[in-house]
Amino acid sequence: MTKGWLVALLLRMYPTAWRRDYGEELADILLLCPLTPRVIADVAWNGCWQRGRTAEPSTILGVAVMLAVVISFVVTGGTYGRAWVPFLQASSRTFPPFEVTILASEIFAYLLVTCGCWTHLRHRGRAHESGVAAMRMSAIASVPVMVIAVLMMAGMLELKFVGPRLPPPSPLAILLTPLVRLPGAWIYGALGGQLGKWIARRAATRSGA
Amino acid sequence: MARKPRTGPAADPELLIMASLASGPNHGYGIMTDIETFADVRLGPGTLYTAITRLVEKKLIAPQSTVGRQRPYRLTAQGAATLTELLKDMRRVATVGLRRLEPAS
């Protein structure tokens, strides 16, 4: 019973399409083998690898930016208060606080363009599809910001802002800002799609020559 | 005692799977036990199926119709040619290397 549950859990780490093709066979082997830590680690690692291999560019870049946002919160811990103080407080081992304008930097705009370009090169779709992919990436990257806004609204987290911007934005504004930025993300993604189209054409011309 | 995992070209999962299927179609568990017997390499089930996925995508092996819950795989003509090429390359390198290691008579 426990083994069957563990096998099912391990299989959930693989993408749905992969499970449809190979899931039953892998499950059979796992039920035959002793589930040692080495076997579990092997299956889990390969499941993550398959997910990464088949993931859409918007998911890969969105998760990467999301992690960067989370890490930036931790690294600039000295500016965040109350409930999370023991975890986030600045110490001699953390970097000094610096101002981060979340999801508004030029790097983020370049990443949205990259997402649109990559999506076009993978699917050869229209500009709209690249734009939607960039919106999806932006939405994934915004998750920690929105979670923090919800925690602030619930009174569980107090955020102190550094830099010249006064007064600080309200939790509702923090919650809504990522949603308001989605149309902008679409534009950057569509531009990236056009860039991808240009790259694809150039590559086709070169291979034809 | 746990065996030390082997590394190098002779422990490459894709090569081992193709070498195993050179003797005829086999299913995942059969391939895994066969590799353990002839190469002394124990492939993890995740590694085995990741390599099988890649080989199917490259059309070097192909799935056959399912027998019960097990699905056998066979080496394709392209797979056989690729395997022959790889093994010839390995033999050439091994022959030269071993000859050079022999003490000069």
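Which helix of chain A is N46(A) found in? The notes below begin with that residue and then turn to the chain and the interface.

1. N46(A) lies in helix α3 of chain A; helices are DSSP runs of H or I with at least four residues, strands are runs of E with at least two, and both are numbered from the N terminus. This is a predicted model, in which local features need pLDDT of at least 70, side-chain atom pairs count only at pLDDT 80 or more, and totals for chains, interfaces and linings use all residues. Residues are numbered from 1 along each chain as its sequence is written, chains are lettered from A and ligands numbered from 1 in the order in which they are written, and side-chain values use heavy atoms, with hydrogens and water left out.

2. N46(A) is buried, at a relative accessible area of 6%. Buried means under 20% relative accessible area, exposed over 50%, and partly exposed in between (1.4 Å probe, protein chains only).

3. The side chain of N46(A) comes to 2.8 Å from the backbone oxygen of D42(A). Leaving aside residues up to four places away in sequence, N46(A) touches Y14(A) in its own chain and G46(B), T47(B) and T50(B) across in chain B. Contact here means heavy atoms within 4.5 Å.

4. Chain A contains nine helices and zero strands. It has 209 residues, of which 37% count as buried. Among its contacts with a separation of 6 or more, 75% join residues 24 or more positions apart.

5. The contact between the chains draws 20 residues from chain A and 20 residues from chain B. Together the two chains bury about 1,800 Å², with 53% of it on carbon and sulfur atoms; buried area is the accessible area (1.4 Å probe) that two parts lose on being put together, summed over both. On the chain A side, Y22(A), E25(A) and I29(A) lose the most area to chain B, together 32% of what that side buries.

6. Two salt bridges cross the interface of chain A and chain B, a salt bridge being a side-chain nitrogen of Lys or Arg within 4 Å of a carboxyl oxygen of Asp or Glu. One of them pairs E57(B) with R53(A), whose closest N and O atoms are 2.9 Å apart. In chain A, α2 (16-32) and α3 (37-54) each supply at least two residues of the side that touches chain B. The most comes from α2(A), with 10 residues.

Methods. Polar contact = N/O pair within 3.5 Å; in protein donor to acceptor, adjacent residues only side chain to side chain.
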